[in-house]
Amino acid sequence: MNVLIIELGGSHAECIYSTVHFLTHNHSEVHVACNESLVRLLPESLQLSGILDLPDHLNFFRQIRSFIKIRKYIADHQIDTIIINTTEIKVVRNLSLVLPRKNTIGLVHNARKLKNSSTFSKVLYRKIKKYLVLSDYLLTEIDPLPKYHVSSFYPIYFPKVEVLAPMKPANEYWITIPGTVAVERRDYLSLVNYISKHKFPENIKFIFLGKFKEREDLVTALADSGLWHSQIKTFDYQLEYNEFHSYIQQSDLMLPLINSEANGFYGNTRISGTFNLGLGYKKPFLLNRKYASNKDLSCFSHYYDSMEELAEIILHLYYQNFKDPVIQDAYQESIFNDMERMSIRFYDFVKTDQDAVLV
């Protein structure tokens, strides 16, 4: 296959990494057309046959110019398969009107859109009849959709990096919360307020691994905690790929910390990127018990109902040097340790039924 991955939303680079890996592993040529800011997140180690840079901010006239470039690129490079990396955005609706008829697959980050969106059923359906959701669990959470061919895959392959400074001291333990530090999405305040009153051992570090958006209530809580920069680390810039993944590789635990009011949003129809990072790097999770129904994560997770219970789990693991042989064994026996099987499953779905889009 000769494949073009298209990303017009400037995000979800992790899906591109896995898609490229799975396809090149099966001897496909892979090209990427994406926003300029995303190009900087594509490591040189990715085996790409070509990259088409597109503007970050696609107003009406930039959309037209970008669509012309995409069509020309498809023709010039004899592309036979198109993968839309983020399907449920307006610019993709517009793009679908001018895409040539090819074997086209859409990655859907919010599975609810497949059932409830008129854009999918009335506009995108003309060109895209094959979709991928981002876990087996999400596949079980959507009703049968006779109009579409739907499967799942896990974007958990990340190009490995040489660990950069700072190197984690041998006596430290890192609990990492990846993603932009946005109080409205993650319960940082409850965590900071709790650990400021109930001290953890000083060699337990909480890494807020994303650009810190200054919110007055969180800034005040961090300042009052007395732990900012000593036991709680934040960043005032967007981390580059190598630095971000260096921290992930060295982490002992992943703590998604998604707000309770968002649990339904991320628990049933959409997956947090933190889940894929943890699965990819085989890290244990600390999860709110509301996620217990997600069987993809259950073998690798410690569940809590409150900050008090979360603290008890952390301290229990601390006295075991953060080693959990049960979770380590579960990863060794899981599909997430079988990249060959995962890549074949992905490749077989992408390449089959290529005539379906022509119906």
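Analyst: We will take the labels one by one and set each value against its cut-off. Keep in mind that this is a predicted model.

User: How do you know how many disulfides there are?

Analyst: A disulfide needs two cysteine sulfur atoms within 2.5 Å. By this rule the count comes to 0. Take Cys34: the nearest cysteine sulfur belongs to Cys15 and is 13 Å away. Cys34 is therefore in no disulfide.

User: Is Cys34 buried or exposed, and what makes it so?

Analyst: Buried means under 20% relative accessible area. Cys34 has 0%, so Cys34 is buried. Cys299 has 47%. Exposed needs over 50%, and partly exposed lies in between. Cys299 is therefore partly exposed.

User: What makes Asp136 and Arg345 a salt bridge?

Analyst: The cut-off is 4 Å, from a side-chain nitrogen of Lys or Arg to a carboxyl oxygen of Asp or Glu. Here N to O is 2.9 Å, so the pair qualifies. The pair links distant parts of the chain. Asp136 is in helix α7 and Arg345 in helix α16, 209 residues apart. Asp136, at 27% relative accessibility, is partly exposed. Arg345 is partly exposed too, at 33%. A search of the whole structure finds 5 salt bridges.

User: Why is the pair of Asp252 and Lys168 said to tie parts together?

Analyst: Asp252 lies in the loop between α10 and β11, and Lys168 in the loop between β7 and β8. These parts are 84 residues apart in sequence, so the pair ties them together. The closest N and O atoms are 2.9 Å apart, and the pair forms a salt bridge. Asp252 has 14% relative accessibility, so Asp252 counts as buried. Lys168 has 22%, so Lys168 is partly exposed.

User: Which residues are linked with Arg289 in a network of salt bridges?

Analyst: Asp305 and Glu309 are linked with Arg289 in that network. For Glu309 and Arg289, the closest N and O atoms are 2.8 Å apart. That is within 4 Å, so the pair is a salt bridge. Glu309 is in helix α14, and Arg289 is in the loop between β12 and α13. At 23% relative accessibility, Glu309 counts as partly exposed. Arg289, at 34%, counts as partly exposed as well.

User: Why is the pair of Phe300 and Tyr331 called stacked?

Analyst: Two values decide. Ring centres must lie within 6.5 Å, and stacked planes are under 30 degrees apart. Phe300 and Tyr331 have 4.0 Å between centres and 15 degrees between planes. The pair is therefore stacked. Phe300 lies in the loop between α13 and β13, and Tyr331 in helix α15, so the pair ties together parts 31 residues apart in sequence. Phe300 is buried at 3%. Tyr331 is buried at 2%.

User: What makes the pair of Tyr318 and Tyr319 edge-to-face?

Analyst: Edge-to-face needs planes over 60 degrees apart. The planes of Tyr318 and Tyr319 are at 75 degrees, and the centres are 5.2 Å apart, so the pair is edge-to-face. Tyr318 counts as buried at 17%. Tyr319 counts as exposed at 65%. The count comes to 25 aromatic pairs. Ring pairs also link Tyr17, Phe158, Tyr241 and Tyr281 into a cluster.

User: How do you know that the charged end of Lys160 sits over the ring of Tyr281?

Analyst: One test is distance: NZ of Lys must be within 6 Å of the ring centre. The charged end of Lys160 is 5.6 Å from the centre of the Tyr281 ring. The charged end of Lys130 sits over the ring of Phe349, at 5.5 Å from its centre.

Note on methods:
Residues are numbered from 1 along each chain as its sequence is written. This is a predicted model: local features need pLDDT of at least 70, side-chain atom pairs count only at pLDDT 80 or more; totals for chains, interfaces and linings use all residues. Side-chain values use heavy atoms; hydrogens and water are left out. Buried means under 20% relative accessible area, exposed over 50%, partly exposed in between (1.4 Å probe, protein chains only). Helices (H or I, at least four residues) and strands (E, at least two) are DSSP runs, numbered from the N terminus. Rings of Phe, Tyr and Trp (its six-membered ring) pair if their centres lie within 6.5 Å; planes under 30 degrees apart count as stacked, over 60 as edge-to-face and the rest as tilted. A charge sits over a ring if NZ of Lys or CZ of Arg is within 6 Å of the ring centre and within 35 degrees of the ring normal.
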